[in-house]
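Work through the exercises below with the structure open beside you. Try each task before you read its solution.

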Amino acid sequence: PEAFSREQMEYARKRLHEIYALQVEEIGGEENLRLINDANIVRSPLVYDEAFVAIAKHPTALAVARACMGDKISLASQVGILNKPGAKNYVENWHRELQYQHFTSSRPLAVQTLLTVDEFTKENGATFFLYGTHLFENFPSDDFVRKWQVQIEAPAGSLIMFDCLLYHRSAPNRTDRERLAINNFYTLPI
């Protein structure tokens, strides 16, 4: 909690919208993003604004990433997620950040931070996690999901960190306000 101030999150929110508008224009319209399942995703905001570089370099995030993977780490990606009310988003499906990689390893290959630009609540689609699933290759049974899924609520400006092989998903946003987040994905340099 409180990794970033309210003012920093207000700035991030404003810039994510501006950068998304630029990206929509660059690709020729939002329909083109929908065609590739990328609507409401802001790709590499750090390319557009140095403030997002500072977000990726948060000391706690880097310390946790290094504690998990060692001193040699890379930022593989940074995306902004615009979880709009009533909009279906592919991140509502259970997934791992190393997509389509169904194996386990003896130590983390990548970790990620989910920065809560807005407060995460059950009503606005806070992320669900399936504890322990980073230790198993296959997706678990429905019974396991029902028993072990946990939805994390957090105030705006919080960092949620987890192993990238942990299954997680966004929930539908059932409010009248969007919920924004920034995902930083740190990997071993492989």
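**Exercise 1. The lining of the largest pocket**

Task: In this predicted model, find how many nonpolar, polar and charged residues are in the lining of the largest pocket.

Solution. 
- Step 1. Sort the lining by class: eight residues are nonpolar, eight are polar and four are charged.
- Step 2. The lining has 20 residues, and Ile81, Val91, His95, Glu97 and Asn183 are the closest to the centre of the pocket.
- Step 3. Check the space. The largest pocket holds about 300 Å³.
- Step 4. Turn to the strands. At least two lining residues come from each of E1, E2 (74–83), E3, E7 (168–169) and E8.
- Step 5. Pick the main contributor. E8 gives the most, with four residues.

**Exercise 2. Strand E3 and its partners**

Task: Decide how many residues of E3 are buried, and find the strands that pair with E3.

Solution. 
- Step 1. Apply the cut-off: buried means under 20% relative accessible area.
- Step 2. Count. Seven of the seven residues of E3 are buried, so E3 is largely enclosed by the rest of the structure.
- Step 3. Recall the rule for side chains. In a regular strand they alternate between the two faces of the sheet.
- Step 4. Take the first partner. E3 and E8 run antiparallel and are joined by seven bridges. Here glutamine 112 stands opposite phenylalanine 185 of E8.
- Step 5. Take the other partner. E3 also pairs with E6 (residues 159–163), in the antiparallel sense, over five bridges. Leucine 114 faces isoleucine 160 of E6.

**Exercise 3. The largest nonpolar core**

Solution. 
- Step 1. Start from the rule. In soluble globular proteins, nonpolar side chains tend to be buried together.
- Step 2. Get the count. The largest core has 28 residues, and those with the most contacts inside it include Leu16, Phe52, Leu115 and Tyr186.
- Step 3. List the elements: helices H1 (6–27), H3 (51–56) and H4 (59–69), with strands E3 (110–116) and E8 (179–187).
- Step 4. Find the largest share. H1 supplies it, with six residues.
- Step 5. Follow one residue. Beyond its neighbours within four places in sequence, leucine 16 is in contact with several residues, among them Val42, Phe52, Leu180 and Ile182.
- Step 6. Note another core. It lies apart, has 12 residues and includes Ile41, Ile81, Leu114 and Ile160.

**Exercise 4. Positive phi angles**

Task: Is glutamate 2 buried or exposed, and where is serine 44 placed?

Solution. 
- Step 1. Recall the rule. Most residues other than glycine have a negative phi.
- Step 2. Take glutamate 2. This residue is not a glycine, yet its phi is positive, about 60 degrees. Glutamate 2 lies in the segment before H1. Its relative accessibility is 71%, so glutamate 2 counts as exposed.
- Step 3. Take serine 44. Its phi is also positive, about 45 degrees. Serine 44 sits in the loop between E1 (41–43) and H3. At 32% relative accessibility, serine 44 counts as partly exposed.

**Exercise 5. A helix residue**

Task: Is glutamine 23 buried or exposed?

Solution. 
- Step 1. Locate glutamine 23: it lies in helix H1.
- Step 2. Read its relative accessible area, 10%. Glutamine 23 is therefore buried.
- Step 3. List its contacts. Leaving out residues up to four places away in sequence, glutamine 23 touches Ile41, Val42, Arg43 and Tyr48.

Key. Residues numbered from 1 in each chain as written. Predicted model: local features only at pLDDT ≥ 70, side-chain atom pairs only at ≥ 80, totals over all residues. Heavy atoms only, no water. Core = buried A, V, L, I, M, F, W, Y, C linked by side-chain atoms within 4.5 Å. Buried < 20%, exposed > 50% of the residue type's maximum accessible area, 1.4 Å probe, protein only. Contact = heavy atoms within 4.5 Å. 1 Å grid on protein atoms, 1.4 Å probe; cavity = no way out; pocket = protein on both sides within 12 Å on 5 of 7 lines; lining within 4 Å. Points joined across faces, edges and corners; volume = space filled by probe spheres on them. Nonpolar A, V, L, I, M, F, W, Y, C, P; charged D, E, K, R; others polar. Pairing = 2+ DSSP bridges.
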